[in-house]
Amino acid sequence: MELVHFPRGLLQALSGDASRRGALTEARDGIEVGYVFGFMAGELLLTTPLEECVFIRPRELAAMQAAGMASVRDLLFMLPRRYEDRRMFDRYDSLSSGVPVCLRGRVVDVGWKGWGGRGGKSRGRYVEAVLADEQSLGQARFSCLWFSMPGVARMLCAGQEMIVYGRMKPYGKKLSMVHPDFEIIREGDEQSIHLNRIVPVYGGRMGIAVRRLREIVWETLSGLSPVPEPEVYEFVPDVPCKTALRDLHFPETAEARDRARRRFALEECLAQQLNVAYRRRRADEVPGMRTAGSCHLVKDLADSLPFELTEAQKRCVREIYRDMKAPRSMNRLLQGDVGSGKTLVALCAMLLAVEHGYSAVMMAPTQILAEQHYLKFRQMLDRLDVPVSLVTADRKEESHVSFGKQGGIVVGTHALLYGKNVPERVGLVVIDEQHKFGVNQREKLIGREERPDVLVMTATPIPRTLTLTFYGELDVSILDGVPGGRGAVVTAIRTEKDKEKVLAFVRNQLEEGRQIYVVSPLIDGEDSRKGKAVTKEWDEWKALLPHVDVGLLHGRMSSEEKEAVMKDFRANRVSVLVSTTVVEVGVDVPNATVMIINNAESFGLSQLHQLRGRIGRGSHKSYCILMTAARPEDEQWEKLRIVETTANGFDLAEQDLRLRGPGDVLGTSQSGLKGVRFEEWLLDARLIHRGRQLAEAILAEDPNLESAKYRPLRFLLENGAERRVAG
């Protein structure tokens, strides 16, 4: 019989199932001690269900399962939110404001501060704990503040030792930590996993205390079997998965932690590239149609334009033409900066299909954009005798039951996915702003008996590493030029104190006959802390400009209302359009020369660039004004400075990627990023190229991953939208 010490709470779980583990517990001098027969050390596998982990309490198990965790692997890939080096803490007397710090101190005083509300409510009150930093000279004191968190007052008392993590910010006349993460030090912690080491800190989203999560992960790692598992493919055999997992959660050094992260980043990259390579191989095997022959309609269109296509546009049309003449299905991504002329390139592609006797379909994400494409195509193709139809949920123009052998163009929204809204002979499908649509929606339009060619477009410049990663199965055409005759766009940051100057500038532009966009992040002003609301802005601008027609546009308006407002704005009957970001994509009004973006700091770099792209579409000089409450010393101000000084969308996208990470840049819901845990590899083009080469080599050896060696990888191909690390 062996004497084993366990963390508090573990023995209750063991003793609750004595028949399985033969556990006996007794208390000696207040210390939990356990006599355990057949302890589980070395028995756990990565595939072991969590319910077999006897140290996890029923309530904790339910919380983990509700969060989507089913196995030991799921638990161990719950990554630490951050690490705290509790071998050496920061000192309060050497801090500067705004830098996240980890301090250890003793509670000197704790209590309620501030003022009370009516009826005894705690409105305006907060909990303040005064701590003495015993690491600093003279035991400097500092305060931690919690607003609207009365439970904190019940948890703390004078004499406790605490670890707090947060930013020191000015509050009143002193620096304080507001809403810091904290952990109370208990007796015996000096020899535990909670102190004197690099400690993982997990998110508390499951309702399980961070301290308790740390204990659960430690016990799980301690119980892992060292034996290799046949269900797990080791992408990086020199560093086994289980060894790296221990360094990922409880590293001995920062270098060991970083090595583990790099190891899993490489593994995740290889797994993702394997999925991309597999999809590309399958796409290449799909028999296609020759959907292009001659190109007389394209030449006629080019001759009718008042300007010449840019060299980039001509190059992209040639690439598309070669694909459409080939017997295999085209799968091509057309990517370009705002205002680079993607729509015209797509129209040329559709004319190639029409001339060859096929119909072409363009699906747009919004009714406003679909109607704009429809009107523009009708105008541009008026002399070419090419039928154009519009299909949205609310409108059908030029019924298109069948175009016959002549072929035609259909423009629509999601309504194209339902009913008989698509012609029979579809040779080309163009998907505008493809990231706005789900994979299943795209497949419903594309998945036909005779698979059409596919051209997907995005006006959002995507960093090269993300293009290689998430569109690796597509051929890519890049529009890196801007059509001639476009006016320059000047971007400037302005604050509330500049409001009168901005208003005077707007009045001057209106007198010259120009039009104005005013964009705000909210529809209603129910929470002014999150930004300005278009409904209030609309009232304010009407009062400021009583002799000017001011329009209102937002997503809650009916399709008829939105269409009427945009029609009036295009016709210059509305001079100022107050809107949410529904104008972000595709709206083209050449006479609009000013874009005012309220609360600009609340938007990402790429979104600001997209909004800025609504102006500068005519020959007049244009102006984008970034209104912000940020100050020059704030992080948000630096972000706006990047927009102010960077005009190239691809350069901006790269900086956006570094600032916000891939999840926010692409959006997790449609991009497949939900399964990505180690985002650093998405910034490394060399690593992605290496991953692609290795993935191609694996598929060359075993195209269907049927051998015993590669069979563990099949789940990657069957669940590509929810990619996980194989090892």
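Two strands count as paired if DSSP finds at least two bridges between them. On that basis I597 stands opposite L626 in β25. The coordinates belong to a predicted model.

Six strands form an open sheet, with parallel pairing, in the order β20-β25-β24-β21-β23-β22. The edges of this sheet are taken by β20 and β22 (550-553), each of which has a single partner strand, so one side of each is left without a neighbour in the sheet. Averaged over the sheet, and with direction ignored, neighbouring strands are turned by 15 degrees against each other.

Strand β25 covers residues 622-627. On one side, strand β20 (residues 489-494) runs parallel to β25 and is joined to it by six bridges. A492 is the residue that stands opposite I625 in β25. Strand β24 (residues 592-597) also runs parallel to β25, and four bridges join the two. Besides the pair of I597 and L626, V594 has Y623 in β25 as its bridge partner. How much of β25 is buried? Five of its six residues are, so the strand is largely enclosed by the rest of the structure.

Strand β21 (residues 515-519) pairs with β24 over five bridges, in the parallel sense. Within that pairing, V518 has I596 of β24 as its bridge partner. For β24 the count of buried residues is six of six, so this strand too is largely enclosed by the rest of the structure.

How is the chain path from β24 to β25 arranged? Together with helix α18 (residues 605-612), the two strands make a right-handed β-α-β unit. Helix α18 is mostly covered, since seven of its eight residues are buried. The buried set consists of L605, S606, L608, H609, Q610, L611 and R612. An α-helix has 3.6 residues a turn, so residues three or four places apart point the same way. Helix α18 also has a helical neighbour: its axis and that of helix α19 (residues 635-645) come within 10 Å and cross at roughly 40 degrees. Angles under 35 degrees would count as roughly parallel, and 65 to 115 as roughly perpendicular. The two helices, α18 and α19, are therefore oblique to each other. Their crossing is right-handed.

Helix α7 (residues 241-249) packs against α8 at an angle of about 135 degrees, and the axes are 8 Å apart. That angle makes α7 oblique to α8. The crossing in which α7 passes α8 is left-handed.

A strand pair of the opposite sense is found elsewhere in the chain. Strand β4 (residues 82-85) and β11 run antiparallel and are joined by four bridges. R82 stands opposite V201 in β11. In a regular strand the side chains alternate between the two faces of the sheet. In strand β11 (residues 198-201), I198 and P200 point one way while V199 and V201 point the other way, and all are buried.

The last stop is a loop residue. Where does A459 lie? A459 is placed in the loop between β18 (453-458) and α14 (464-470). Its relative accessible area is 10%, and buried means under 20%. A459 is therefore buried. In sequence A459 and V585 are 126 residues apart, yet from C-alpha to C-alpha they are 7.5 Å apart in space.

Technical notes
Residues numbered from 1 in each chain as written. Predicted model: local features only at pLDDT ≥ 70, side-chain atom pairs only at ≥ 80, totals over all residues. Heavy atoms only, no water. Buried < 20%, exposed > 50% of the residue type's maximum accessible area, 1.4 Å probe, protein only. Right-handed = clockwise from strand over helix to strand, strands pointing away. Axes fitted to C-alpha atoms, helices over the stretch in contact; angles between N-to-C directions. Parallel < 35°, antiparallel > 145°, perpendicular 65-115°, else oblique. Left-handed = near helix turned anticlockwise from the far one by under 90°.
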